[in-house]
Amino acid sequence: MNDVWDELQWRGLVAHSTDEAALREALATGPLTYYVGFDPTAASLHVGHLVQVLTARRLQQAGHRPLILVGGATGLVGDPRPSAERTMNDPSVVAGWVTGLQAQIAPFVDFEGPAAATMVDNLDWTRSMSTIEFLRDVGKHFSVNRMLDREAVSKRLATTGISFTEFSYVLLQSNDYLQLHRRYDCSLQLGGSDQWGNITAGCELVRRVDQRTVHALATPLLTKADGTKFGKTESGAVWLDPELTSPYAFYQFWLNAEDAKVVDYLKAFSFRSPEEIEELGRQVVDNPRARAAQRALAHEVTAIVHGEAAARAVEEASSALFGGGELDGIDEKTLRGALEELPTATPEEPAVRLAQLFADTGLAPSLSGARRTIGEGGAYVNNVKVTDPEATLADVTLLHGRYAVLRRGKKSLAAVALPLSQ
């Protein structure tokens, strides 16, 4: 327990905290009980949430007891956004998301042993409170002036305005801390730095109502090298659910990490030692083309989220797509996930010429350009060189009966997928 604070700082996971000396001492003399909360605003968490999930795991590995809160109550209300109201979802939808997120988070922490985790839902103590009780027991302790000063609120007041529902969110989250403190002796809340105002409001509520001092820790919001938000691609958020973001696409997201940021991501998302990460950092400088740090990051995070077998499968698929292995050894689910990331032609039947498919997918600028590429020996289908400009898809042994991988040269890829009926 003595080392966890230093480790969190070294890994760049401390953006803000309440009294640092007191929190360091509490962590060193623990065990203490801490909580981290997630609102069910979608059917899955995304990689931005992974910082909190893995930081909770690090604290548990240091001997502290996690409470994992999925907000069945706060998910119905919505935290103020800078620009617009959050969509109010049907209670049955939110309830389904609560169950789904609980199942998604559960594998990351241990529910047995002296530091066993507990899953909690703030609807359990919120649904029974009357409006009068909430106003008297919670609302009484909040200054409207201070609530108006919060950045998310002030921005909304200056632009679109804000509903009383979202304005009141901070009261609900603060009450969560008070309830968890009373029920589980929780004395630390963990969250992202964008939640710092809500988190410290909870600390203040516990102090005012129960005359107890509790702690707070906020992790930074990770960014790309250009300062933009981390965790999104051109197609949207990178989800933890393999049905929303395939393990292959998930792996590729990490593999594409920028040299300038990959060491930061290794610190935050991997469990490698400082010595291992420092060595990988040296390799980024000495041999950036090898992308050893990115490969280590992609494998480890994919294995953490999807399992070691999935990580190995997508690595093999990635190598095979570029001619480094046998494509027919890739299972259909992994192959389908990989091909979803490529420009894809979907002919109705296999009589179509391969040259046409190269043109349709953009691997060649035109049909004549595709025929020229084939004639020059630069076209491959399922890693087999195509030499006949008149060859059709019917001449190819399709993967799983309906897929083909088109490649021009060494790095330009596209896909073909026949309808399921073929």
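Biologist: Is Gln173 buried or exposed?

Modeller: Gln173 is buried, because its relative accessible area is 7%. Buried means under 20% relative accessible area, exposed over 50%, and partly exposed in between, with a 1.4 Å probe and protein chains only. This is a predicted model, in which local features need pLDDT of at least 70 and side-chain atom pairs count only at pLDDT 80 or more, while totals for chains, interfaces and linings use all residues. Residues are numbered from 1 along each chain as its sequence is written, and side-chain values use heavy atoms, with hydrogens and water left out.

Biologist: Which residues is Gln173 in contact with, leaving aside neighbours within four places in sequence?

Modeller: Gln173 is in contact with Tyr35, Thr74, Gln189, Gln195, Asn198 and Ile199, once neighbours within four places in sequence are left aside. Contact means heavy atoms within 4.5 Å.

Biologist: Where does UniProt place the feature "binding site"?

Modeller: The unreviewed UniProt entry places "binding site" at Tyr35, Tyr169 and Gln173. UniProt positions are given in the numbering used here, feature names are shortened, and annotations may be inferred rather than shown by experiment.

Biologist: In which helix is Tyr169?

Modeller: Tyr169 is in helix α10, residues 169-184. Gln173 is placed in helix α10 as well. Helices (H or I, at least four residues) and strands (E, at least two) are DSSP runs, numbered from the N terminus.

Biologist: Why does Tyr169 count as buried? And what does Tyr169 touch?

Modeller: Tyr169 counts as buried because its relative accessibility is 4%. Not counting residues up to four places away in sequence, Tyr169 touches Asp39, Thr74, Val77, Gly78, Asp79, Pro80, Gln195 and Asn198.

Biologist: What does UniProt list for the 'HIGH' region?

Modeller: The unreviewed UniProt entry lists residues 40-49 as "short sequence motif: 'HIGH' region". That span is 30% helix and 0% strand, and its end C-alpha atoms lie 12 Å apart.

Biologist: Turning to strands: how many residues of β6 are buried?

Modeller: Five of the five residues of strand β6 (residues 215-219) are buried, so β6 is largely enclosed by the rest of the structure. Both faces are covered, with His215, Leu217 and Thr219 buried on one side and Ala216 and Ala218 buried on the other.

Biologist: In which sense do β5 and β6 pair?

Modeller: Strand β5 (residues 186-192) pairs with β6 in the parallel sense over five bridges, and Leu190 stands opposite Leu217 in β6. Strand β1 (residues 16-17) pairs with β6 in the antiparallel sense over two bridges, with His16 opposite Ala218 in β6. Two strands pair if DSSP finds at least two bridges between them.

Biologist: What is the strand order in the open sheet of five strands?

Modeller: The order is β9-β13-β12-β10-β11, and the pairing is mixed. β9 (344-345) and β11 (384-385) stand at the edges with a single partner strand each, so one side of each is left without a neighbour in the sheet. Strand β10 (residues 379-381) runs antiparallel to β11 and is joined to β11 by two bridges. Tyr380 stands opposite Lys385 in β11.

Biologist: Which residues does UniProt list for the "Tyrosine--tRNA ligase SYY-like C-terminal" domain?

Modeller: The unreviewed UniProt entry lists residues 338-412 for that domain. Over residues 338-412 the chain is 24% helix and 19% strand, with the end C-alpha atoms 14 Å apart.

Biologist: Helix packing next. At what angle do α12 and α16 cross?

Modeller: The axes of α12 (residues 247-255) and α16 (residues 308-321) cross at roughly 80° and come within 9 Å. That makes α12 roughly perpendicular to α16. Axes are lines fitted to C-alpha atoms, for helices over the stretch in contact, and angles run from 0 to 180 degrees between N-to-C directions. Angles under 35 degrees count as roughly parallel, over 145 as roughly antiparallel, 65 to 115 as roughly perpendicular and the rest as oblique.

Biologist: Which residues of α12 and α16 meet?

Modeller: Pro247, Tyr248, Tyr251 and Gln252 in α12 meet Val314, Glu315, Ala317, Ser318 and Leu321 in α16.

Biologist: And how are α13 and α14 arranged?

Modeller: The axes of α13 (residues 259-269) and α14 (residues 274-286) come within 10 Å and cross at roughly 170°. The two helices α13 and α14 are therefore roughly antiparallel to each other.

Biologist: Lastly, how many helices and strands does the chain have?

Modeller: The chain has 19 helices and 13 strands. Of its 422 residues, 48% are buried.
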